[in-house]
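Please view the sequence and the structure below before reading on.

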Amino acid sequence: MLSSDLKLYSEPDTQHAKTVLQQDCSTFLLHGVSRSFANYAGSIAYPNNALRNVARLYAPTQYVTVLDVDITPSKGMAKAFWQALNSLNPDQRDTTAFVLPAFEARHDALDKVVSRVDMLNALERHDAQPFYKDLCSKCQRTTGYDKWVLGPRDDTDTTSYEVAWEDPWEPFFIVSNTDCPLYDERFKQYGFNRISQVCETHIAGFQFRVLYNAFVVHDGFKVKTGFHSSKQAEQERNRALFRLFKQELKLRYPDTARRCY
């Protein structure tokens, strides 16, 4: 049973965000240029979802995408998105998440994969592969990489293809900022912080369409030894939180038959 005083969804602290953003950026640059610890290994739990919400709160555009710092978008991504958006009926546009197929490329090949043709060639040379292929292939497989690869060879295709949400998918996508659910800020550090938001986006009634002529690419291949030592413990803590989160969704969206499993 849920506690009566449990906040089902943690809202972004907008007042704090405004106070922070009113300060001189040099303050943060001065203290943020150097650190002696590895990613996620600091003494304070990294509030990735809170930061994502702040970014969305202050985004000046109608449509947004939220990418990790080591993820690079392909050339012409905005144009490809607008073309795909305009191909839909107006009543579908704000409830569609336009998925950006995610890949990872060798560091020395990163600057050579800026277009669809480049990525197809890099995949053939094994200089690139689907994101998390070696560590968690199921986390991205719903994207339908085989369908993407077998699509048009050139950069002229403006269409997209629909895919059904599956657990535990965590795609990157472009979406209406005002209509798409925010991130649950209780998720910190590693694990389920993006999966939970994608899950709620599905529950909220969005459809997912994968863009042919746009993608994102991670700098380097993901390897098991590239993670911090507390990753597993953090993932298990957030896994328990995710189970609670899914139960809360049933209360938040009582009229939908959609579920996150």
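C136 and C139 form a disulfide, with 2.0 Å between their sulfur atoms; a disulfide is taken here as a pair of cysteine sulfur atoms within 2.5 Å. The model is predicted, with pLDDT of at least 70 needed for local features and 80 or more for side-chain atom pairs, while totals for chains, interfaces and linings use all residues. Residues are numbered from 1 along each chain as its sequence is written, and side-chain values rest on heavy atoms, with hydrogens and water left out.

The torsion about the S-S bond of C136 and C139 is about 60°, so this disulfide is right-handed.

A disulfide also joins C199 and C260, whose sulfur atoms lie 1.7 Å apart. With 115° about the S-S bond, the link of C199 and C260 is right-handed. This pair connects distant parts of the chain, 61 residues apart: C199 belongs to helix α8 (residues 193-203), and C260 to the segment after α9 (231-252). Helices are DSSP runs of H or I with at least four residues, numbered from the N terminus.

By the distance rule, the count comes to 2 disulfides. With the bonded cysteines of the chain numbered in sequence order, the pairing reads 1-2, 3-4.

Buried means under 20% relative accessible area, exposed over 50%, and partly exposed in between, using a 1.4 Å probe and protein chains only.

| Residue | Relative accessible area | Class |
|---|---|---|
| C136 | 16% | buried |
| C139 | 7% | buried |
| C180 | 4% | buried |
| C199 | 0% | buried |
| C260 | 4% | buried |

Key. Helices (H or I, at least four residues) and strands (E, at least two) are DSSP runs, numbered from the N terminus.
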